[in-house]
Amino acid sequence: MKRNMLIVAFTGMAFFLLGSCKKYLDVVPDNMPTLNNAFALRAQAQKFLYTLYSYMPHNGDPASDPAMLGGDELWRIDSRVGVSDYINMAKGTQNKVSPYGDANWINLYRGIRECNIFLENIDHVPDMEEYEKLRWIAEAKFLKAYYHYYLLKMYGPIPLVKENLPIDAGVNEVKVFRQPVDECFNYIVQLINEATPYLPLTIQDPLQELGRITLPIALSLKAEVLVTAASPLFNGNTDQATLKNPDGTPLFNTTFSKLKWDSAAVACKKAIDICQSAGIILYEQAPNYQQYTLSETIRHQLSIRNAVALKWNSEIIWANTQSLTNGIQGVAFPLMDSRYPENFVPRGEYSPTLKIAEMFYSKNGVPINEDKDYDYNNRYRLRIATANDQLLIRKDYTTAYLHFDREPRFYADLGFDGGVWYGQGVYDDKTPANFFYVQAKRTQPNAIQTDRSTATGYFLKKLINFENVVGSGTAYTINNYPMPLIRLSELYLFYAEALNESQGPGAEVYAYINLIRNRAGLQSVETSWTAHSSNPGKYLTQGGLRDIIHQERLIELCFEGKRFWDLRRWKESTKLLNGPIQGWDGSQGTAAAYYTPITLFNQTFGTKDYFWPINDFNVLINRNLVQNLGW
């Protein structure tokens, strides 16, 4: 039996999982005497297959996912920051001795090794139909591809573990090299290509198999991989010109290739077509909920929120059954129902930053600093909500001008002082006076605290299921759901981005952006910029449309763990992560004093921060494993 000497020795296959289907979560037990027994029967091999899924990163978990707290999207009060929190990386304290996120190196290479063990042994299983065996092999190859891809996003060029090294491998075999970036991407795509012919179009047994890999998942990930490969961080990145293996092999191709964008566009369109064949469509809230007929305002918000927080909705291409959201929902949800104050020390611990609040469009569907009719320079002045605002902001409440006249995604994604929080047991939008709303100034229920609460005055609403309900005692009913990894809206934006980079602006690019904007209650790109922007021709140039697509993506996928990686692949982190993290002055009790932006931290981000440092210990024991630049 072969073994991969890169990583820790085999420690048994038992692994604690976070999925929801019991049979799907069975794993090879600790007392399995030999690996041969693991493949002696179909039932045991199936447990091994399901164990391969257990190595999936816990996307959306702030404690495990660097994309949640490692950038500038969400912040946390200092008293709640632990030594292992990714927010420390956001504060610039990443290091090579004990890097934040280093567990991914160990866990994902272990997962890759187990995929290899599975692929080496699955043919030994006697009681399986050939078609099923081919499907399981395809799943293992896909997971092996994904684990390599995740490491590639973190570290750049990585060692490829195509096969496990034999137990008697010599010293030189064990001291592996990192492979050039293009080779890494090519291998990942190769594995996905090998998997796709044998994957099902849809899941036929949802109760037992939701979360397993399908053809739409595989082709959508391939599209993402090729878009990433075509992006500036990996396509012609001259900053990495001196990163070479000890034998002089360059690890980055510093020559830009337009063909990479061409290939990405083709892959995106193929994935979209397959998703359409599988019945995957953008989610839209039905006109009625329970006995209530919903207003258009509330319908737009629920379409946006439920596209993420409604389990297995029509838009989900891939959701991570190893990463459920009950934890983040419980901590991010603020005290809403004043009847049950004993339930919560005011929470809302994962706090959107002021820059994110300003990122969303105006109601006219353009950036607020471009909208000819939006008083951007006076966005921090006070304004009182009227009856016309009461589905969004509490009537007669004084809040910032910044919170008025914004697009529906602003109100669907963010909680803010005076902002309505629809749902949580109150669903009749004909009586908005009964809606819950946020009160975040000093001495109010959602005020900033020293121990646990919002750090900025903003609250993470998007990931909170609108049907969660606070009750008496310590009851808080959470509607749990697996964190989405790829939604159809993201695939549309990948296609728009790739097509614009490949061919420039055109009707098809606009069409896919507009599908998402229409669901969000906005006019088309063409109409919005022509009628409302101070730069009306922006969408007509490749560079201008690139900026629009980038902002559209950052808005649409906000708080889903995408911004962190997007800013990196676009090489925009050095621009956007060098500056202040700001929020409102929560120590103040009056609106006039509260609505003064204060700086919580001044971020810095250098070129070296685009890639993780390899743990110094790994470099010490393997001199062929060259360290990333700057570390």
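Me: Is phenylalanine 617 buried or exposed?

Reply: Phenylalanine 617 is exposed, at a relative accessible area of 52%. Buried means under 20% relative accessible area, exposed over 50%, and partly exposed in between, with a 1.4 Å probe and protein chains only. This is a predicted model: local features need pLDDT of at least 70, side-chain atom pairs count only at pLDDT 80 or more, and totals for chains, interfaces and linings use all residues. Residues are numbered from 1 along each chain as its sequence is written, and side-chain values use heavy atoms, with hydrogens and water left out.

Me: Which helix is phenylalanine 617 in?

Reply: Phenylalanine 617 sits in helix α23, residues 616–621. Helices (H or I, at least four residues) and strands (E, at least two) are DSSP runs, numbered from the N terminus.

Me: Which residues make the nonpolar surface patch there?

Reply: Phe617, Leu620 and Ile621 make a patch of about 320 Å². Patches take residues with over 30% relative accessible area and no salt bridge, joining like charges within 9 Å and nonpolar side chains (Val, Leu, Ile, Met, Phe, Trp, Tyr) within 5 Å. Accessible areas come from the Shrake-Rupley method with a 1.4 Å probe; for residues, only the protein chains shown count as cover.

Me: Now the inside. How many residues are in the largest nonpolar core?

Reply: That core has 188 residues, and those with the most contacts inside it are Phe118, Phe142, Tyr146, Tyr147 and Trp318. Its largest share, 15 residues, comes from helix α6 (residues 130–155). A nonpolar core is a set of buried Ala, Val, Leu, Ile, Met, Phe, Trp, Tyr and Cys residues joined through side-chain atoms within 4.5 Å.

Me: What is tryptophan 318 in contact with?

Reply: Leaving aside neighbours within four places in sequence, tryptophan 318 is in contact (heavy atoms within 4.5 Å) with residues including Phe142, Tyr146, Ile213 and Leu485.

Me: What about asparagine 121, buried or exposed?

Reply: Asparagine 121 is buried, with a relative accessible area of 3%. The residue lies in helix α5, residues 103–121, and its side chain reaches the backbone oxygen of isoleucine 117 at 2.7 Å.

Me: Changing topic, how many salt bridges are there?

Reply: A search of the whole structure finds 42. A salt bridge is a side-chain nitrogen of Lys or Arg within 4 Å of a carboxyl oxygen of Asp or Glu.

Me: Which residue pairs with arginine 553?

Reply: Glutamate 490 does, at 2.7 Å from N to O. Arginine 553 lies in helix α19 (residues 542–556) and glutamate 490 in helix α16 (residues 488–503), so the pair ties together parts 63 residues apart in sequence. Both arginine 553 and glutamate 490 are buried.

Me: And which residue does arginine 212 bridge to?

Reply: Arginine 212 bridges to glutamate 209, with the closest N and O atoms 3.1 Å apart. Arginine 212 is buried at 2% relative accessible area, and glutamate 209 counts as buried at 16%.

Me: Last one, the backbone. What is phi at tryptophan 312?

Reply: Tryptophan 312 has a positive phi of about 50°, although it is not a glycine. Most residues other than glycine have a negative phi. Tryptophan 312 is in the loop between α12 (296–309) and β4 (316–324).

Me: What about lysine 571, what is its phi?

Reply: Phi of lysine 571 is near 60°, again a positive value in a residue other than glycine. Lysine 571 is in the loop between α20 (563–569) and α21 (573–576), and is partly exposed at 26% relative accessible area.

Conventions. A polar contact is a pair of N or O atoms within 3.5 Å; within protein, one must be able to donate a hydrogen and the other to accept it, and residues adjacent in sequence count only if both atoms are side-chain atoms.
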